[in-house]
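Dear colleague,

Please find below the sequence and the structure that I am handing over to you. My findings follow directly after them.

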Amino acid sequence: MITIDNLSVHFPLGRRLIGTAPVVKAVDDVSLSIPKGSFFGLVGESGSGKTTLGRAILRAAPITTGTIGYNDGEARYDVGTIAKSELRDYRRRAQLVFQDPYAALSPRMTVRDIIAEPLEVMELTSGREETDERVREIAAKCRLNLEHLRRYPHAFSGGQRQRISIARALVCGPRFVVADEAVAALDVSIQADILNLLKSLQRELDLTILFISHDLSVVAHVCNHVAVMYHGRIMEEASTRELFANPGHDYTRALLSAIPSLDPDVPLNAQVYAPEGSVQHQ
Amino acid sequence: MTALIDVENLTIQFKTDEGLITVVENVSFTLDRGEVMGLVGESGSGKSVTAKSLMHLNDENAVYGPESKITLHTDNGPIDVLSLRTARELNVVRGGAISMIFQEPMASFAPAITIGKQMVEQLQLHLNMPFAEARELSIEMLDRVGIKEPSSRFDQYAFELSGGMRQRAMIAMALSTKPSLLIADEPTTALDVTIQAQVINLMKDLVAEFGMCILFITHDLGVIAQVADRVAVMYLGRIMEKGPVRDVIRTPAHAYTRGLINALPKLDDLDAPLTPIPGDIPSPLERPSGCVFHPRNAELEPGSRYEREVPPLSEVAPGHFAAVFPEDAGTIS
């Protein structure tokens, strides 16, 4: 579905009169392939470049070098060189679910208008009736009460808002979805519900999902394939089972060892990942 | 262990445009010297408001119930915290006997003043310590929490430190006045797991070294399991369950605690289904009657007592209490 070859995304840090300006290597020579129909986890700590990688795939971050290929069986794109005229179609096919359902929804629009907006902006329907039909259909799939469509987001809890956010991302019928920390802002009792919803939607709508998260235990439960990112590079990539049973990289082991166990008698024995030549921030 | 703070029948309401909102209701617990007490709850559970009341830090619109009583036991006798009024009186608890650290260490430090100046300032304020001595103590504390080259860090600004280091500096600052109680409000939530692990271990070491008490507030049961001796689980302003951390996590007596544990993704069993707690956390304006958790409790039969009556905290095992009626207190598996 997504084939990434030697992708780098560098952000310049100021300018120099002489010589080259220093850059932040947010994504550094990453090659990755996301199979069709997979629930693909991308794990990393803050600053690892996981969000930038997700954004680059959606053509929302500049590609410095390398290529990203998209192929859903109906359409193929080289993401770096998509023409403006084709961008609308790509946007329909590849969508994003945001982290914070409080910031992502306009407080001045009704839930119906929020969900309908992508259809209207991309002119995907022939009229208001068809739009309403599509909105109701996706709202039901995301387990939203149809009576709620007339209300404003402030009336909803975090979990309901995230369902609205997901409905908005899925209303235009995308084949590929990037969910960037989609449950990080939610309470534990609600988080499980959203994870189960994403999982069932993925199966029902035959979606390919790139699930970006800092939380290994969440990724372990929903994803069938996981890549671990650190300082802009992919450290390790494996099927979920394999990665959690036999972590192959020291960094993955360090990450796993840092997760506090629910058993008070299993002491926290976090290993420190300190590759040679790296700068340690203690 | 001796009691440091007794909280009895704490009820806090907030005056808002939409009327009085009950945020904490009839909460009682004791904090002992030398223990880590965990306070777990989701958003709106009242855990931060409860903690702030120990320092009388809640906003002006907070109304304390007439029965509410918070007693701080000091060497000079007990202090009724809620009766403190003037800034001078309040200094005894604020920064004196009690220090607090917050979730976001970047927001807790003033950005334009060096870390050192901020550390020295509070020592001068609370302990009348001369500058040179305060500087020396601050640098020593920075060293104690594992910050390398503390004397050069002393002159740096918060933005020059990494997230983990900032939180360590915050802890060093909070501990330098030698408080009897450290309130840590989600101290690791904004940190990466690897840094979180360091902060957890640091706090455990500090309790062992200083013999102080920590009230550790978090939504993360895994963190609680690792750091706390006892735990209180809060939901919508009430304590649902409290007791020794092993008992509460291994044999949770309240349906809410069980629900929280079942909703957590666990790494040792990847195939275990995630069981969400049904429904959503109600708005504080729509507080359910009876047991506040009853609308989301799938274990209850329709028409049960919990819909109308508030269950008392019943002792289900020694020192282990749950908000269930006595007839249900024995049926815990």
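**A loop residue with positive phi**

Asp206(A) is located in the loop that joins H6 and strand S8 (208-213) of chain A. Please bear in mind throughout that this is a predicted model. Although Asp206(A) is not a glycine, its phi is positive, at about 55°. Is Asp206(A) buried or exposed? Asp206(A) has 11 other C-beta atoms within 10 Å, and a residue with 12 or fewer counts as exposed, so Asp206(A) is exposed.

Glu149(B), which is not a glycine, has a positive phi of about 50°. This residue lies in the loop between helix H5 (131-144) and helix H6 (150-153) of chain B. Glu149(B) counts as exposed because there are 11 C-beta neighbours inside 10 Å.

**Helix packing in chain A**

Two packed helices are described by the angle between their axes and the distance between the axes. Helix H5 (residues 158-170) of chain A packs with helix H6 (residues 188-204) of chain A at an angle of about 20°, and their axes are 9 Å apart. H5(A) is therefore roughly parallel to H6(A), angles under 35 degrees being counted in that way. The crossing in which H5(A) passes H6(A) is right-handed. On the H5(A) side, the residues in contact are Gly158(A), Gly159(A), Gln162(A), Arg163(A), Ile166(A) and Leu170(A); they meet Ile190(A), Asp193(A), Ile194(A), Leu197(A) and Leu201(A) in H6(A). By class, the residues of this contact comprise 6 nonpolar, 3 polar and 2 charged.

H5(A) also packs with helix H3 (residues 111-121) of chain A: the two axes come within 7 Å and cross at roughly 30°. H3(A) and H5(A) are therefore roughly parallel to each other, and H3(A) passes H5(A) in a right-handed crossing. Here Val111(A), Ile114(A), Ile115(A) and Pro118(A) in H3(A) meet Ile164(A), Ala167(A) and Arg168(A) in H5(A). The residues of this contact divide into 6 nonpolar, no polar and 1 charged.

**The interface between the chains**

How many residues of chain A are in contact with chain B? There are 35, and they contact 37 residues of chain B. On the side of chain A that touches chain B, H5, H6, helix H7 (216-222), helix H8 (240-245) and helix H9 (250-257) each supply at least two residues. H6(A) provides the largest share, 8 residues. This side of chain A has 16 nonpolar, 14 polar and 5 charged residues.

**The nonpolar core**

The largest nonpolar core has 179 residues, of which Ile115(A), Ala167(A), Phe211(A), Leu181(B), Leu215(B), Phe216(B) and Val233(B) touch the most other members. Helix H7 (residues 163-175) of chain B gives the most to this core, with 8 residues. Not counting residues up to four places away in sequence, Leu181(B) touches Leu4(B), Ile5(B), Leu31(B), Ala97(B), Ile98(B), Met212(B), Cys213(B) and Leu215(B).

**Gln118(B)**

Gln118(B) has its place in helix H4 (residues 115-127) of chain B. With 18 other C-beta atoms within 10 Å, Gln118(B) is partly exposed. Leaving aside residues up to four places away in sequence, Gln118(B) touches Phe109(B), Ala110(B), Ile113(B) and Met173(B). From C-alpha to C-alpha, Gln118(B) and Tyr157(B) are 10.0 Å apart in space, and they are 39 residues apart in sequence.

Yours sincerely

Definitions and conventions. Residues numbered from 1 in each chain as written. Chains lettered and ligands numbered in written order. Predicted model: local features only at pLDDT ≥ 70, side-chain atom pairs only at ≥ 80, totals over all residues. Axes fitted to C-alpha atoms, helices over the stretch in contact; angles between N-to-C directions. Helix = DSSP H or I, 4+ residues; strand = E, 2+ residues; numbered from the N terminus. Parallel < 35°, antiparallel > 145°, perpendicular 65-115°, else oblique. Left-handed = near helix turned anticlockwise from the far one by under 90°. Contact = placed C-beta atoms within 7 Å. Nonpolar A, V, L, I, M, F, W, Y, C, P; charged D, E, K, R; others polar. Core = buried A, V, L, I, M, F, W, Y, C linked by C-beta atoms within 7 Å. Buried ≥ 20, exposed ≤ 12 C-beta atoms within 10 Å, placed from the backbone.
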